[in-house]
Amino acid sequence: VTYYTPKWYGLQAGISYAPSDAERGQTTTAATRVDNTGAVTQNGTTFSPVENIWQAGINYNGQWDQIGFGLAATAERGDAETAGYEDLMAWNVGGKV
């Protein structure tokens with residue numbers, strides 16, 4: 001589920017929720033294995049499926065004189081489904097001129 005606010009003076013925000021990322025679709029080029037704890041190994045990397053995933057972001061696009069610019073920030077948080085794995089927490093901030 002995703003909601004974006006209307007743009008207001010160049011400012012827009014959004015929020016998303018996903019109950020789980022366990023359904024990733026079909027992979028045809030990678031060897032995928034799920035162990036008895038629920039951890040997934042794909043291409044030699046082991047990770048836990050994540051549930052209750054929340055994502056939020058905000059961005060601003062504007063212009064000062066002849067110079068256009070933009071700023072954005074996002075964050076993501078989710079709960080690891082497999083015991084012993086860290087919960088998901090990620091963020092980023094960026095800008096452009």
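Predicted model: local features only at pLDDT ≥ 70, side-chain atom pairs only at ≥ 80, totals over all residues.

User: Where does Gln 12 sit, and is it buried or exposed?

Analyst: Gln 12 lies in strand S2, which covers residues 11–20. Its relative accessible area is 18%, so Gln 12 is buried. The cut-off for buried is under 20%.

User: Let's zoom out. How many helices and strands does the protein chain have?

Analyst: There are 0 helices and 8 strands. Along the sequence the pattern reads β-β-β-β-β-β-β-β.

User: What share of the residues is buried?

Analyst: Of the 97 residues in the protein chain, 16% are buried. The protein chain exposes about 7300 Å², and carbon and sulfur atoms supply 56% of that area.

User: What part of the contacts with a separation of 6 or more comes from residues 24 or more positions apart?

Analyst: In the protein chain, such residues account for 49% of those contacts.

User: New topic: rings! How many aromatic pairs are there in the whole structure?

Analyst: The search finds 3 aromatic pairs. In one of them, the ring centres of Tyr 17 and Trp 54 are 4.7 Å apart and the planes are at 50°, so the pair is tilted.

User: Where in the chain are those two partners, Tyr 17 and Trp 54?

Analyst: Tyr 17 is in strand S2 and Trp 54 is in strand S6 (residues 50–64). They are 37 residues apart, and the pair links distant parts of the chain. Tyr 17 is partly exposed, with a relative accessible area of 26%, and Trp 54 is partly exposed at 45%.

User: What about Tyr 60 and Phe 69, how are their rings arranged?

Analyst: Tyr 60 and Phe 69 form a tilted aromatic pair, with 5.9 Å centre to centre and 45° between the planes. Tyr 60 has a relative accessible area of 30%, so it counts as partly exposed. Phe 69 is partly exposed too, at 27% relative accessibility.

Technical notes
Residues numbered from 1 in each chain as written. Heavy atoms only, no water. Helix = DSSP H or I, 4+ residues; strand = E, 2+ residues; numbered from the N terminus. Buried < 20%, exposed > 50% of the residue type's maximum accessible area, 1.4 Å probe, protein only. Contact = heavy atoms within 4.5 Å. Areas by Shrake-Rupley, 256 points an atom, 1.4 Å probe, with all protein chains shown as cover. Phe/Tyr/Trp six-rings, centres within 6.5 Å; stacked < 30°, edge-to-face > 60°.
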